[in-house]
Amino acid sequence: MAKFTPAEIIDAIKEMTVLELNELVKACEEEFGVSAAAGVAVVAGPAAAAEEEKTEFDVELTSFGAQKIKVIKVIREITGLGLKEAKELVEGAPKVIKEAVTKEEAEQIKAKVEEQGATITIK
């Protein structure tokens with residue numbers, strides 16, 4: 001059997017119609033026991049694992065609830081902001097309170113702020 005160079009194979013593929021290419025793919029799948037879609041599943045696997053290993057979270061104030069003044073006090077305590085800045089943050093909800101914190105810290109912040117009647121989302 002004659003051996004073809006990769007360039008000769010590519011040139012031959014360029015001359016094929018879509019139907020002929022489809023037949024070629026099916027023949028290769030049957031001959032070698034592979035699937036052309038297998039590469040997609042491999043790519044999706046590590047991406048899903050990366051999401052599970054998330055280590056940094058953003059804490060967002062979604063709503064300040066009925067006790068705005070108490071929420072402002074807690075936000076000042078957490079962020080170190082002045083009264084005016086903390087008030088603007090609370091009244092401008094939804095706003096991110098803290099970015100890139102650990103899961104434990106995010107949960108602590110959420111618990112503190114929700115004690116005052118606010119709604120928090122961890123992203």
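This briefing describes the strands, helices, salt bridges and backbone features of one predicted model.

Because the model is predicted, local features are given only at pLDDT of at least 70 and side-chain atom pairs only at pLDDT 80 or more, while totals for chains, interfaces and linings use all residues. Residues are numbered from 1 along each chain as its sequence is written, and side-chain values use heavy atoms, with hydrogens and water left out. Helices (H or I, at least four residues) and strands (E, at least two) are DSSP runs, numbered from the N terminus.

**The sheet and the helix across it**

- Three strands make up an open sheet in the order E2-E1-E3, with antiparallel pairing, where two strands count as paired if DSSP finds at least two bridges between them.
- Strands E2 and E3 stand at the edges, each with a single partner strand, so one side of each has no neighbour in the sheet.
- On average, neighbouring strands of this sheet are turned by 20 degrees against each other, direction ignored; axes here are lines fitted to C-alpha atoms, for helices over the stretch in contact, and angles run from 0 to 180 degrees between N-to-C directions.
- The antiparallel pairing of E1 with E3 extends over four bridges, and Ser-63 has Thr-119 in E3 as its bridge partner.
- Helix H6 (residues 103–115) lies across E1, E2 and E3 and runs at about 170 degrees to E3.

- Glu-60, found in strand E1, counts as buried at 14% relative accessibility, where buried means under 20% relative accessible area, exposed over 50%, and partly exposed in between (1.4 Å probe, protein chains only).
- Not counting residues up to four places away in sequence, the contacts of Glu-60 include Pro-94, Val-96, Ile-120 and Lys-123, a contact being heavy atoms within 4.5 Å.
- Glu-60 forms a salt bridge with Lys-123, their closest N and O atoms being 3.4 Å apart; the pair links distant parts of the chain, 63 residues apart, with Lys-123 in the segment after strand E3 (119–122) and Glu-60 in strand E1 (residues 57–63).

**Other salt bridges**

- The count comes to five salt bridges, each defined as a side-chain nitrogen of Lys or Arg within 4 Å of a carboxyl oxygen of Asp or Glu.
- Glu-91 and Lys-87 meet in a salt bridge at 3.2 Å, N to O, and both lie in helix H5 (residues 83–91), four residues apart, about one turn of the helix.
- An α-helix has 3.6 residues a turn, so residues three or four places apart point the same way.
- Both partners are partly exposed, Glu-91 with a relative accessible area of 37% and Lys-87 with one of 38%.

**Helix H2 and backbone features**

- Helix H2 (residues 18–32) has 15 residues and should span 21 Å at 1.5 Å a residue, which agrees with the 21 Å between its end C-alpha atoms; the expected span is 1.5 Å times one less than the number of residues.
- After H2 comes Gly-33, whose phi is positive, near 65 degrees.
- Ala-93 and Pro-94 are joined by a cis peptide bond with omega about 5 degrees, and Pro-94 lies in the loop between H5 and strand E2 (95–101).
- Ala-100, in strand E2, has a positive phi near 55 degrees although this residue is not glycine, and Ala-100 counts as partly exposed at 44% relative accessibility.
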